[in-house]
Amino acid sequence: MMKTINKKERAQRLFAENIELFRCPLCHQGFLPDTSSGLRCRNNHHFDFARNGYLNLLATRQNTDYDRELFQARREVFEQGVYDPLVTRVSTLIRDLGFTQATVVDAGCGEGSLLVRLGELLDGPLLGVDIARDGIRLAGAHNTPVMWCVADLAQLPLRESSVDVVLNMLSPANYGEFRRVLKPQGYLIKVLPGTQYLQEVRTSLGDLPDYSNDGVLANLEANLLITNRERLHYHVPIAPEIWPSVFKMTPLTEHRVTLGEPAPELTIDLEIVCGVF
Ligand SMILES: C[S@@+](CC[C@H](N)C(=O)[O-])C[C@H]1O[C@@H](n2cnc3c(N)ncnc32)[C@H](O)[C@@H]1O
Ligand SMILES: [Zn+2]
């Protein structure tokens, strides 16, 4: 009879297969190839796997605005297929860049749904990194062959020139660090909210500031040779019972939920920017 492996065993195997990608967040040395009792670096720093199979590689504990309730709301909204067109577009983009097999890191992956869905469409090792333990814990609950770790995207536990694609969706960025871990022919794919992103939530709350990408784009252009830039704009129908989760999935609303008459659809307006350093 075939033995079914649990999440921790699967993580041990995945990290062992890809151990060359990683470096110790404390001393920057590589890790030993035996991952059976966690990751151990050449200076003997040790990081244990959690039961869900993720690793905590954060040098110091950090507080974030993102909590379990927010990540669970995001999971629920993802499960409605709200971001499926984005996942399809990003996977096509990666293939069009010439990668048949790519090492992809999602920097600021949250609860991990984007990466899990991408993994159904792409070949190659996938790693989700987020500073929020609540997000990564939920990500680890996905039953899929993706590596997950709690870490700061400004201090990635990865070696220089180890990664083909850094994905950075609706999350803060650190371009110096992304440049360090990307291979010379590697790409950054950054997803930004457009001015009409979640328009119905903004309309309903009334007092949210208008969003502008100008500062982020100027900074991106100063750092990256942009090879592709496009807008992805669509509407998705949303069942009334999902609306509370739409409000809870973003820190913009500061935990406020004012439903009134729920709108029949939600506007997704994103900008996808792709380039090399
Ligand atoms: C709006 S959420 C987007 C999450 C995910 N990409 C998604 O679209 O569902 C922003 C994420 O950035 C993460 N984040 C913020 N600062 C970070 C840092 N320094 N290192 C890693 N993750 C960070 C937050 O914890 C949060 O999960
Ligand atoms: Zn070390």
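How many residues of the shell around ligand 1 are nonpolar, how many polar and how many charged? The shell divides into 11 nonpolar, five polar and three charged residues, where Ala, Val, Leu, Ile, Met, Phe, Trp, Tyr, Cys and Pro count as nonpolar, Asp, Glu, Lys and Arg as charged, and the others, Gly among them, as polar.

This is a predicted model, in which local features need pLDDT of at least 70, side-chain atom pairs count only at pLDDT 80 or more, and totals for chains, interfaces and linings use all residues. Residues are numbered from 1 along each chain as its sequence is written, while chains are lettered from A and ligands numbered from 1 in the order in which they are written.

Select ligand 1 to begin. Of the 19 residues around ligand 1 (C-beta atom, placed from the backbone, within 6 Å), G108, G110, I131, A132 and S171 come nearest.

Next, display the strands (DSSP runs of E, at least two residues; helices are runs of H or I, at least four; both are numbered from the N terminus). An open sheet of eight strands has the order β3-β6-β5-β4-β7-β8-β10-β9, with mixed pairing; two strands pair if DSSP finds at least two bridges between them. β3 (55–56) and β9 (225–237) stand at the edges, each with a single partner strand, so one side of each lacks a neighbour in the sheet.

Within the sheet, select β5 (residues 126–130) and β6 (residues 147–150), which pair in the parallel sense over four bridges. Here G128 stands opposite W148 in β6.

Finally, select helix α2 (residues 68–79) and helix α5 (residues 133–140), which pack at an angle of about 40° with their axes 8 Å apart. The contact is made by R68, F71, Q72 and R75 of α2 and D134, G135 and L138 of α5 (C-beta atoms, placed from the backbone, within 7 Å).

Note on methods. Axes are lines fitted to C-alpha atoms, for helices over the stretch in contact, and angles run from 0 to 180 degrees between N-to-C directions. Two residues are in contact if their C-beta atoms, placed from the backbone, lie within 7 Å.
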